Amino acid sequence: MKISLILTFNLSLLYAKKMSGSMLKNIWLPYTQMQTCNNPVIAENTKGSVITLQDGTELIDGIASWWTACHGYNHPYIANHVQQQLRKMPHIMFGGMVHKPAINLSAKLAELLPGDLNKVFFTESGSVAVEVAMKMAIQFWLNQNKMAKTKILSFYGGYHGDTMATMAVCDPEEGMHHLFKDVLPHQHIIALPTTKELQQQFSHFLENHHQETAAMLIEPLVQGAGGMLFHDPEILLFLRQQADHYNVLLIFDEIFTGLGRTGSLFSCNQADIVPDIITLSKALSGGTMALAATIARERIFSGFLSDKESHALMHGPTFMANPLACSCANASLDLFNQYDWKNNVKKIEAQLSEELSICRQLEVVKDVRVKGAIGVVELYKIENMNLLKKQLLQHKVWIRPFRNILYLTPSFTITTAELSQLTRAIYEVLIQL
C-alpha cells in the first residue's frame, strides 16, 4: 500500500513537472536558480492548514505561507470582510485622504500595542516597513540637527528584508545578500549581547559609537530567516536600558515574531518593555493580503511636527493602507478575541517539543529548539537541498528548509493530527540521511 502511494505521488510529480514547464515560461521565482528549476508544485486551493495541488494532492502546510496564515487559510470571517469591502471600495489613495478601514485598524493596533506605540504608518511589505522605521529613526535625529546620527546598529543572525537598505542591516554572511556587500551602505552589525562578556563589549561599542548611531534594530526573541536563533527576554531589557543610556532609539522588527507567534501577542510583551518603533507584517492581515505597518511612539512622531515642510516624513507607497488589506487586518485582529489562540499556541509548543525531541538522537542533527508556534531542527549540513524538499513532499507536507534549518511555523488552528504528520515527516526524512 505504501509503495503504491509513493508511486502514485511520483507520477503526480512527473505530471506537475510536465505541466509546469510551459507555465514557468514567463515566471521568475524567488530564491530560485531558474536554470535548474523545472518542477515547482502547482497550488490550486487552500483551506485551514491544507494546500491542494492541481492534481488533487493535499499537503499539510507546516509554515503557514511564510508565517502569514496564522488563523489558517480561507477563514470565513476574514473572507466576509474582504467581500464587503470589495463592494464598497477596493482601493483609494492615502495621500490627503483617509478611510474607515485604516482608521479602525490604526486604533486597534494602538490599543493592542504596549505603552504609547500609537502612530501607525502603513506600507505593503515587511522590508519596506523596516526601511520606513530606519528612515524614521534617522530623520528623527536630523530634524533635531543631530546630523551625525545616521547609522543603524543591528546584529549577527538577523534578517530584516531583501531591499537595498534592509540588506545592509542583515547578517553580512547571510546567504542571500553577500553578493552585495561592496554595494550596500555600511552599517554597524555586531554580536547580540547574550552573555556578560558580550554585554560589556556591546556597552563599550555604544560608548564609542553612540554619537553616530540613530537606532538599534532587532528581531525580538527569535531571529528568523537568519537562522531561527532564540534569545531570552532579558536581552531585550538590556537593549532598552542601553538605548536609553546612550540616547539611541530601539526598533523591534516583529514582522515574524509579532501577533502571537512566540506565545504572546507581541514579543516585546515578554520583556515588559516598549520599543520606540515596531514593525509588523506577515500575520497582520491573516495571510490574506499584502500589508505592513511601522508604528512609532509619541516622542518619535512629535519629532516630525514642525512649521518646516522638510521635517515631514517624506514617504508614501502607492498602495499604502489599501482598504481591502486593512479590512483583512481588522478581521484578523478581531479573531484573536474570538478563539483561544494563546492556548492553541501553548499546545502547539508542547506538541512540537515532544514530537521533535526524537530528532536529537540523529547524528545529522545539531540542535532542536522550540518557542511558541516555532519548531526548529538544525542540521550540521544539508547536502542536497532539492532532494530533501522532494522527500518531504512525498510525505504530503509543505516544509521549506533553508541553509541547514528545517522549521515548522504552522497556523494556530492546525489540528493535532496535522501537526503530527509534519513532525513525523521531518523525522522519517532525516533518518534516511
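Reply: D253 is buried, with a relative accessible area of 4%; buried means under 20%, exposed over 50% and partly exposed in between, for a 1.4 Å probe and protein chains only. This is a predicted model, in which local features need pLDDT of at least 70 and side-chain atom pairs count only at pLDDT 80 or more, while totals for chains, interfaces and linings use all residues. Residues are numbered from 1 along each chain as its sequence is written, and side-chain values use heavy atoms, with hydrogens and water left out.

D253 lies in strand β10 (residues 249-253). Helices (H or I, at least four residues) and strands (E, at least two) are DSSP runs numbered from the N terminus. Leaving out residues up to four places away in sequence, D253 touches V130, Y159, H160, L217, I218, E219, P220 and T279, where contact means heavy atoms within 4.5 Å.

The UniProt annotation "binding site", from an unreviewed entry, takes in D253 together with G126, S127, P317 and T318. These positions spread over 193 residues of sequence and, in space, over up to 22.7 Å between C-alpha atoms. UniProt positions follow the numbering used here, feature names are shortened, and annotations may be inferred rather than shown by experiment.

G126 belongs to helix α5 (residues 126-142). With a relative accessible area of 14%, G126 is buried. Beyond residues up to four places away in sequence, G126 touches I255, S281 and A292.

Next, the core. The largest nonpolar core has 115 residues, and M228 and V377 touch the most other members. Helix α5 gives the most to this core, with eight residues. Such a core is a set of buried Ala, Val, Leu, Ile, Met, Phe, Trp, Tyr and Cys residues joined through side-chain atoms within 4.5 Å. The contacts of V377 outside four places in sequence include V365, D367 and V368.

D367 also takes part in a charged pair, its side chain meeting that of R369 in a salt bridge (2.9 Å, N to O). A salt bridge is a side-chain nitrogen of Lys or Arg within 4 Å of a carboxyl oxygen of Asp or Glu. D367 is partly exposed at 30% relative accessibility, whereas R369 is buried at 11%. R369 meets E378 in a further salt bridge (2.8 Å, N to O), and E378 is buried at 13%. E378 also forms a salt bridge with K366, with the closest N and O atoms 3.8 Å apart. K366 lies in strand β13 (residues 365-371) and E378 in strand β14 (residues 374-379), so this pair ties together parts twelve residues apart in sequence.
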